[in-house]
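Subject: The structure to look at

Hi,

Here is the structure I promised to pass on. Please open it and keep it beside you while you read the rest of this email.

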Amino acid sequence: MKTIKTILNLSFFLFTLALFTSCDSDSSSSSGEVPETSLKRGINIGNALEAPKEGDWGVVIQESYFSTIKAGGFDFVRLPINWHSHSLESSPYTIDESYFRRIDQMLSWANKYGLSIIIDVHHFDDMIYYPYETLPRFQAIWRQIAQRYAGQPYSVYFEILNEPNANLTSDVWNDIYPQVLSTIRESNPDRWVIIDGPFWSNWQTLNELRLPANDPRIIASFHYYNPMEFTHQGVEWDNQYNQYIGMTWTGTEAQKKDVENSFNHVANWAKENNIPILLGEFGTYYKAPMSSRVKWTQFVRQKAEENNFSWAVWDFNAGFPIYNNSAQQWYPELLDALIK
Ligand code: BGC
């Protein structure tokens, strides 16, 4: 009898505890506190899978990238992906099985090394220039991705689209992304889904994103490359930045205020809307002076953390590198700026 009573008491205790804990986490999302995700410090493996064919832009991903990234102190990877070059252009828009297997491998490497991973849709220009015409294809691509990865752990995150811009204006994006989100939710009711703000995920326009009313597993994302003249100095794909080669960022009061004001603006909006924030890209081109790259990276990272933004630096070993391919090691000052 005593044993039964003890068991009953114990179950009651556990039941109350469970109730208490669940109320607790529920209340945190309705009281203005921003919910936690497992994303903290991440790195973009750029110029690899978002190229038309992996390797076209110089990066073919190796298993060792994941172990190196983990050992470097990061806890997640953001993986930009080009799906449109690997799927049929007309209905049923089937994604190549061999390409899917390559992405499966990325998820399994991330899992093996204890890294969370974000998979996105990157450089899908038809979606940017002809949003409504392309929507059926976009939906079909996401339906396939979502169904294939429905059984993956919550450490796999979906990001609907990198940097909406051009004809994918705020209004159009606010109309379109919820339709894609519904498609994802058919097979992944609880997975965290990341939504980029309109106009290139700019910090200034993040507040134009209209958030869904009843979806607690949403993260809003913005990118930060200010000042562009400094971070993009000498990029080959945009001549206007050639004239800035050699420009420094030394962390003057005005330069710091600029970062702080932008991040405060985002943080206030996040609090009002009770939404976690991902700073999904920030970085400096390799041509910028190293000491300035280090100062800017350190300061932006620090401000992101002070505001509780998860962050992913752009990029691992391509144009804005933190890892030095030829020396086969991190740029130590840049790694310190991010992780120390
Ligand atoms: C683009 C890259 C570019 C980077 C910095 C990313 O969103 O996909 O191609 O290098 O931004 O401009």
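Below is what turned up, going from the whole chain down to a single residue.

A quick word on the ground rules. This is a predicted model, so to speak about local features we need pLDDT of at least 70, and side-chain atom pairs count only at pLDDT 80 or more, while totals for chains, interfaces and linings use all residues. Residues are numbered from 1 along each chain as its sequence is written, and side-chain values use heavy atoms, with hydrogens and water left out.

**The whole chain**

The protein chain has 11 helices and 10 strands. Both are DSSP runs numbered from the N terminus: helices are H or I with at least four residues, strands are E with at least two. Of the 340 residues, 51% are buried (under 20% relative accessible area with a 1.4 Å probe, protein chains only; exposed is over 50%, and partly exposed is in between). Take the contacts (heavy atoms within 4.5 Å) with a separation of 6 or more: 75% of them join residues 24 or more positions apart.

**The barrel**

Eight strands form a closed barrel in the order β1-β2-β3-β4-β5-β6-β7-β8, with parallel pairing. Two strands pair if DSSP finds at least two bridges between them. On average, neighbouring strands of this sheet are turned by 25 degrees against each other, direction ignored. For angles, axes are lines fitted to C-alpha atoms (for helices, over the stretch in contact), and values run from 0 to 180 degrees between N-to-C directions.

You can walk along part of the barrel. Strands β2 (residues 76-79) and β3 (residues 116-120) are joined by 4 bridges, and R78 has I118 as its bridge partner in β3. I118 also stands opposite Y157 in β4, where β3 and β4 pair over 4 bridges. From β4 (residues 156-159), 2 bridges lead on to β5; F158 stands opposite V193 there, and E159 has I194 as its partner.

What about the faces of these strands? In a regular strand the side chains alternate between the two faces of the sheet. For β4, both faces are covered: V156 and F158 on one side and Y157 and E159 on the other are all buried. β5 (residues 193-196) is covered on both faces too, with V193 and I195 on one side, I194 and D196 on the other, all buried.

Helix α10 (residues 290-306) lies across β1 (41-44), β6, β7 and β8 (310-314), at about 170 degrees to β7.

**The largest pocket**

How much space lies in the largest pocket? About 950 Å³. A pocket here is an open set of points on a 1 Å grid over the protein atoms alone, where a 1.4 Å probe fits, with protein on both sides within 12 Å along at least five of seven lines; lining residues have an atom within 4 Å of a point. Of the 35 lining residues, E163, W200, H232, W237 and E281 are the closest to the centre.

I339 lies in helix α11 (residues 332-339). Why does I339 count as buried? Because its relative accessibility is 18%. I339 touches R41, G72, G73, F74 and W311, leaving aside residues up to four places away in sequence.

Happy exploring!

How values were computed: Grid points are joined across faces, edges and corners, and a volume is the space filled by probe spheres set on the points.
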